[in-house]
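Subject: Structure handover

Hi,

My notes follow below it.

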Amino acid sequence: MDSDSKTEAIKRAKVLMVGAGGIGCELLKTLALSGFQDIHIIDMDTIEVSNLNRQFLFRQSHVGQSKAKVARDVVLRFMPRICITPYHANVKDPEFNVDFFKKFNVILNGLDNLDARRHVNRLCLAAEVPLVESGTTGFLGQVTVHIKGRTECYECQPKPTPKTYPVCTITSTPSKFVHCIVWAKDLLFAKLFGDRNQENDLFVHTGDGSDSVKPTDDIFERGLDEVPVQYGRKIYDHVFGYNIEVALANEETWKNRRRPRPIFLGDVLPEKLILQNGNLEKNCLTEDLSLSAMSSLGLNNPQEIWSLAENSRLFLEALRLFIERRGKDIGSLTFDKDDQLAIEFVTAAANIRASSFGIPLHSLFDAKGIAGNIVHAVATTNAIIAGLIVIEAIKVLEADFQNCRMTYCLEHPCQKMLLMPVEPFEANKSCYVCSETPLLLEVNTQTSTLRDFVDKIVKNKLGMSFPLIMQGAILIFEGGDDLEEDIAANYALNLDKVLTALPAPVTSGSMLTVEDLQQELSCHINIKHREEFDEEKEPDRMVLLGWTTPEKESQGVSNGENTAAAIPASPEAINKSEEVEVTAEISRTKRKLSEMTEVQEIFQILPDTDANNSMDPQEVEDNDYDNDLIVLDENPEASKKRRLQ
């Protein structure tokens with residue numbers, strides 16, 4: 001296609017961008033400057049202070065406003081003649097259905113979580129609209145092209161399953177700092193400041209399989225005449241002292257483990273300092289007016305590792321400020337890494353617990369990275385990836401599918417390459433999304449409930465939002481906001497029934513059909529009854545098979561799940577002599593990438609979204625930045641037949 005025709009194709013194109021964050025800001029700017037005239041943006045987020053270091057379209061005055069709308073307004077200042085339509089909404093909202101997606105020539109993703117990516121992928125397949133997917137993690141990035149009938153879809157390659165931890169590990173036998181963070185964030189913080197009616201096992205397990213030990217009185221209930229310092233001391237002594245003593249009572253647990261040390265507040269801080277800690281009038285606001293126990297105590301360096309005494313004072317002060325300054329929020333709070341007081345409390349609690357179990361203490365800066373699953377973003381990577389997205393989008397608009405490439409951005413040059421192009425693969429014949437291959441679920445049909453199946457498999461693993469579940473011609477469950485109350489109530493009654501007790505009993509050999517009408521996706525699941533499961537490796541007590549690639553096919557890794565992150569293979573597991581070959585179109589030569597640790601990491605062990613942190617970040621939860629890397633870990637020459645020719 002000549003230059004004039006290419007320009008005309010760009011001007012005529014109607015483009016949908018999903019995400020207006022780190023990649024999205026760069027992408028919108030690049031699209032506008034490349035001549036695109038009709039751009040639509042969907043983003044549900046508002047601008048936060050932490051976005052300003054890399055999302056360059058936004059300024060301090062924009063904090064709290066819609067990302068999509070502000071991005072539009074800013075770009076129109078220097079490109080006033082183009083049309084940009086913003087949607088401050090969730091891409092999973094019903095209005096963004098298949099018919100909506102059919103309006104566009106190409107979809108460009110700049111998302112930060114796996115759930116939304118899978119949703120967009122399915123809508124693109126149903127609408128038969130090409131998708132250009134992308135993501136960054138620090139210095140690493142990738143752009144991939146997905147065209148129905150020509151290339152693999154986004155879900156043809158397996159994604160790492162979310163990492164979960166047995167309750168006994170978190171409550172009784174932590175061995176890593178991330179275990180302490182999970183305990184402080186998901187158990188202690190939630191118990192003290194969240195919904196106290198929710199199930200929350202904060203009590204120590206005895207280790208012998210019996211029930212956890214619980215006090216007769218609710219230790220977490222604050223008395224009417226109990227001042228914050230008294231309440232703080234009671235909580236401190238219970239969770240860091242009494243609970244540890246209970247755990248130590250079981251000698252069997254500690255035969256092959258390091259014994260923890262009970263910590264009581266009186267052993268760490270003198271009585272005078274304990275009382276003073278919560279009574280002095282101090283400046284407890286940061287420069288941006290956030291409530292802060294650090295400011296109150298004069299702890300000014302978040303990258304400093306504080307002592308046990310300093311963490312204990314921070315714990316008490318943060319608890320006091322929550323009670324005295326944010327009392328109306330207690331009972332409805334959820335942890336937010338951008339909540340200064342919340343991250344201070346979690347850091348202090350995690351460090352005190354770490355001290356008890358002989359685990360090295362960490363700074364607030366590092367703890368925030370783990371708790372928020374943060375990879376500190378690099379704006380240059382976002383800019384490079386945005387440019388590559390536009391290049392691939394133009395190829396799609398020209399119908400130049402033969403020259404479409406998956407491109408990987410490396411941190412260090414390999415054979416003088418920082419950008420590694422690879423030809424797209426054909427669709428995976430075992431992909432349950434684009435090939436409709438039946439899946440197999442191993443489950444104890446006599447103990448697992450329909451709710452377990454819906455939450456753990458249908459919603460979590462299959463990513464369906466409004467599922468419809470049938471056995472044969474019998475409808476056993478339907479989800480959605482538009483159901484009549486009596487019908488929804490009837491389905492709700494089934495949720496807590498074990499599978500064998502459903503109106504159409506689900507037993508070994510049964511086949512379930514699961515559909516999501518919004519995504520226009522349907523798949524079949526064969527049921528196999530199984531009695532026993534490994535609690536450590538299979539905590540869901542369900543194993544879904546058949547949704548990964550065959551053994552001899554490529555085993556890509558993709559990141560970006562919004563729950564707990566996955567633990568990829570360790571670097572030690574990689575064969576250092578292994579050579580990975582890629583075909584580099586830029587030089588038309590085969591390049592061998594051997595003895596390059598960086599490339600081995602990219603091809604084998606990329607961490608989860610925003611989890612590339614120096615303290616086992618692969619094991620933590622949440623994500624907020626624009627990171628999602630699909631990693632190639634096969635020899636492309638060996639799978640040349642699978643490539644798009």
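Two strands count as paired if DSSP finds at least two bridges between them. Helices (H or I, at least four residues) and strands (E, at least two) are DSSP runs, numbered from the N terminus.

The model is predicted: local features need pLDDT of at least 70, side-chain atom pairs count only at pLDDT 80 or more, and totals for chains, interfaces and linings use all residues. Residues are numbered from 1 along each chain as its sequence is written, and side-chain values use heavy atoms, with hydrogens and water left out.

Hairpin. Strands β7 (residues 406–414) and β8 (residues 417–422) run antiparallel, joined by five bridges. C414 faces M417 of β8. Two residues lie between the strands, and Q415 in that turn has a positive phi of about 50°.

N51. It sits in the loop between β2 (38–42) and α3 (67–78). N51 counts as buried because its relative accessibility is 2%; the cut-offs are under 20% for buried, over 50% for exposed and partly exposed in between (1.4 Å probe, protein chains only). Its C-alpha is 7.8 Å from that of G21, 30 residues away along the chain.

Regards
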